[in-house]
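Keep the 3D view open while you read.

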Amino acid sequence: MAEDYARFSRLLIDRPHPRVLRLVMNRPDKLNATDGGMHSDLTEVWRVIDADPSVSAVLLTGAGKAFSAGGDLDLLDQMIADFDTRMRVWKEARDMVYNLINCSKPIVAAINGAAVGASARLIDGHTKLGVAAGDHAAIIWPLLCGMAKAKYHLLLCEPITGEEAERIGLVSLAVPDEHLQARALDVAVRLAEGAPNAIRWTKYALNNWLRAAGPIFDASLGMEFLGFSGHEAPEGAAALRGKRPPRFSPDAV
């Protein structure tokens, strides 16, 4: 099924193990910020993987020194300016999360460098941009680290170190940079060589926690994209480009 993966131009895809598929987000010059092409690739690839009988586990990481710096600012400008683009990306964002949840194969994320947010820093930057914390944050953060920590980090866009993320349960493991890829591959290989039905069925059952939170996800994502039509997102994007604090109006609707 190699030809099925060839169309994903923003992803480097290889096999570090016969039954492990490695996906590398490949825009290292942009810290793997998600442009339109990568956004589409990360939406569709999970369906292909789910249907591929030769894959038992997936390793996801980023090329170069970062995992991902979040959304590409040019794509954000297009979403702010154009309703049709906004709706297309909204549908992709919805499908991306549900495709990940419903992919039967276990997925190991090797979060290197910036993950917006240094091996040391993760951040969800939605409210700093001027939009609601959509994507998956509203369902996964409270489940993993509790509502108090989730609100603190999501409302304030407060960065979190890898060590702290492990301590509060936001990530499974925090390891030194030099060991990250080898450790992540080891976990993926162990999963790939385990009992496939037992592992996939366990993942399916556990992910019902996320499916049950579907209305929360849908609401948060809708509010995020509603924000792209307002006056706060343009200021947030301009502040990011200018590397300055945003100056939001105190007035709210």
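**A walk through the model**

Let's begin with threonine 34, which sits in the loop between strand E2 (20–25) and H2. The helix and strand labels are DSSP runs numbered from the N terminus, with helices being H or I runs of at least four residues and strands being E runs of at least two. Before going further, note that this is a predicted model, where local features need pLDDT of at least 70, side-chain atom pairs count only at pLDDT 80 or more, and totals for chains, interfaces and linings use all residues. Residues are numbered from 1 along each chain as its sequence is written, and side-chain values use heavy atoms, with hydrogens and water left out.

Threonine 34 counts as buried because its relative accessibility is 12% (buried means under 20% relative accessible area, exposed over 50%, partly exposed in between, with a 1.4 Å probe and protein chains only). Not counting residues up to four places away in sequence, threonine 34 touches Arg27, His39, Ser68, Gly70, Gly71, Asp72 and Leu75, where contact means heavy atoms within 4.5 Å. Leucine 31 is found in the loop between E2 and H2 too, and its relative accessible area of 30% makes it partly exposed. Its backbone deserves a look: phi of leucine 31 is near 55 degrees, a positive value in a residue other than glycine. Most residues other than glycine have a negative phi.

Next comes H2 itself. Its 16 residues (36–51) should span 22 Å at 1.5 Å a residue, and the end C-alpha atoms are 24 Å apart, which agrees; the expected span is 1.5 Å times one less than the number of residues. H2 does have a kink of about 30 degrees, centred on glutamate 44, with the bend taken as the angle between axes fitted to the seven residues ending there and the seven starting there. The buried residues of H2 include Met38, His39, Leu42, Trp46 and Ile49.

H4 (83–102) is another helix to check for length. It has 20 residues and reaches 28 Å from first C-alpha to last, close to the 28 Å expected at 1.5 Å a residue. Among its buried residues are Arg86, Val89, Glu92, Ala93 and Asn99. The cover over the buried residues of H4 includes H2, H3, helix H10 (196–206), H11 and H12.

Now for the cores. A nonpolar core here is a set of buried Ala, Val, Leu, Ile, Met, Phe, Trp, Tyr and Cys residues joined through side-chain atoms within 4.5 Å. In soluble globular proteins, nonpolar side chains tend to be buried together. Which members of the largest core touch the most other members? Out of its 31 residues, they are Met79, Trp141, Leu170, Phe225 and Phe228. Helices that each supply at least two residues of this core include H3 (73–81), H4, H6 (137–145) and H12 (214–227). H6 gives the largest share, 5 residues. Phenylalanine 225 touches Met79, Arg86, Val89, Trp90 and Ala93, not counting residues up to four places away in sequence. There's also a second, separate core of 18 residues, including Leu23, Ile49, Leu60 and Cys103.

H6 has Ala137, Ile139, Ile140, Trp141 and Cys145 as its buried residues, and they pack against H7, H8, helix H11 (208–212) and H12. Aspartate 135 lies in the loop between helix H5 (126–129) and H6; it has a positive phi of about 55 degrees although it is not a glycine. With a relative accessible area of 26%, aspartate 135 is partly exposed. After H6 comes glycine 146, whose phi is positive, near 95 degrees.

Finally, zoom out. The protein chain has 13 helices and 6 strands, and its C-alpha trace spans about 55 × 40 × 35 Å along the principal axes. With 253 residues, a compact globule would have a radius of gyration near 18 Å, and the protein chain has 18 Å, which agrees; the radius is taken over C-alpha atoms, and the globule rule is 2.2 Å times the number of residues to the power 0.38. Of those 253 residues, 42% count as buried.
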